[in-house]
Amino acid sequence: MNLPTATLLVSCPDQKGLVAKIANFIYSNGGNIIHADQHTDFSANIFLTRIEWQLEGFNLPRDVIAPAFSAIAKPLNANWQLRFSDTIPRLSIWVTKQDHCLLDLLWRWQAKELIAEIPLMISNHLTLKPLADQFGIDFYHLPISADNKLEQETQQLELLKKYQIDLVVLAKYMQILTPGIIDNFSQIINIHHSFLPAFAGANPYQRAHERGVKIIGATAHYVTADLDEGPIIEQDVVRVSHRDTVADLIRKGKDLERLVLARAVRLHLQNRVLIYGNRTVVFA
């Protein structure tokens with residue numbers, strides 16, 4: 001059985017002695033560091049680090065760690081997060097009609113590849129309700145139209161609060177989120193094909209096939225107010241040829257979307273992603 005750990009994700013202006021100050025905070029309180037990684041973006045003068053240590057033998061109670069580290073972080077002008085490995089995140093999956101990403105996440109969750117609770121599924125269609133029922137997940141059907149979008153988003157936010165959701169995963173949820181959602185809940189991961197911006201809109205695979213593309217891909221990113229332009233977590237590509245039909249492209253694209261979304265969600269759940277500006281550092 002794995003012993004519980006604490007993880008700090010820190011970003012701050014680069015300066016001398018940062019690694020020593022953070023490591024010494026853990027060492028001086030009896031902590032045993034088991035993972036440490038860092039990166040310096042010299043163009044932005046930003047230092048970023050992920051450091052994980054065992055809680056067994058650590059002298060500070062959990063509720064004291066954050067205020068104690070805050071005294072160190074404040075003079076450094078640092079942004080930081082503290083996470084505990086035995087705190088299980090709660091996910092809500094949002095879907096429309098396509099099931100390939102949803103099924104992949106549910107299978108991985110059932111196999112305990114994704115360590116999380118999934119108590120809530122939201123959809124603007126009833127198509128995938130049987131899957132929610134099969135996996136024992138509460139399903140809410142919230143149809144979206146131009147007339148009721150804001151009202152339904154208010155209900156979505158209420159459900160996120162009711163179910164104490166930590167992360168929303170858009171598993172091919174074919175709706176654009178308004179700032180009303182994003183401003184009130186920022187932890188949202190989306191997946192889409194990587195034809196953007198060249199083949200935006202409807203039938204991208206058909207138009208990509210007509211153009212004779214040689215690679216297709218998928219991108220998982222955090223959702224921001226700028227459509228499909230949030231900080232990227234994970235991407236992958238596969239080569240295609242003149243022998244591939246539109247159906248082949250769609251099949252290969254779905255395979256990539258499944259894999260890339262699962263990787264992104266896993267990295268987030270493992271507290272390996274640090275956002276700065278509109279970029280991420282992924283300590284994989």
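Is arginine 263 buried, partly exposed or exposed, and at what relative accessibility? Arginine 263 counts as partly exposed because its relative accessibility is 26%. The model is predicted.

## Arginine 263 and strand 11

Arginine 263 forms a salt bridge with aspartate 236, with the closest N and O atoms 3.1 Å apart. Aspartate 236 sits in strand 11 and arginine 263 in helix 8, so this pair ties together parts 27 residues apart in sequence. Aspartate 236 is partly exposed, at 23% relative accessible area.

Arginine 263 also meets glutamate 234 in a salt bridge of 2.9 Å, N to O. Glutamate 234 lies in strand 11 and arginine 263 in helix 8 (residues 246–269), so the pair ties together parts 29 residues apart in sequence. Glutamate 234 counts as buried because its relative accessibility is 18%, under the 20% cut-off.

## Other salt bridges

The count comes to 14 salt bridges. One of them joins aspartate 86 and arginine 62, with the closest N and O atoms 2.7 Å apart. Aspartate 86 is in the loop between strand 4 and strand 5, and arginine 62 is in helix 2. Aspartate 86 is partly exposed at 40%. Arginine 62 is partly exposed at 35%.

## The annotated site

The UniProt record, an unreviewed entry, lists Asp228 under "active site". Aspartate 228 lies in the loop between strand 10 and strand 11. Its relative accessibility is 29%, so aspartate 228 counts as partly exposed. Its side chain makes a polar contact of 3.5 Å with the side chain of asparagine 190.

## Strand 9

Strand 9 pairs with strand 8 in the parallel sense over 3 bridges. Strand 9 pairs with strand 10 in the antiparallel sense over 5 bridges.

Note on methods:
Residues are numbered from 1 along each chain as its sequence is written. This is a predicted model: local features need pLDDT of at least 70, side-chain atom pairs count only at pLDDT 80 or more; totals for chains, interfaces and linings use all residues. Side-chain values use heavy atoms; hydrogens and water are left out. UniProt positions are given in the numbering used here, feature names are shortened, and annotations may be inferred rather than shown by experiment. Helices (H or I, at least four residues) and strands (E, at least two) are DSSP runs, numbered from the N terminus. Buried means under 20% relative accessible area, exposed over 50%, partly exposed in between (1.4 Å probe, protein chains only). A polar contact is a pair of N or O atoms within 3.5 Å; within protein, one must be able to donate a hydrogen and the other to accept it, and residues adjacent in sequence count only if both atoms are side-chain atoms. Two strands pair if DSSP finds at least two bridges between them. A salt bridge is a side-chain nitrogen of Lys or Arg within 4 Å of a carboxyl oxygen of Asp or Glu.
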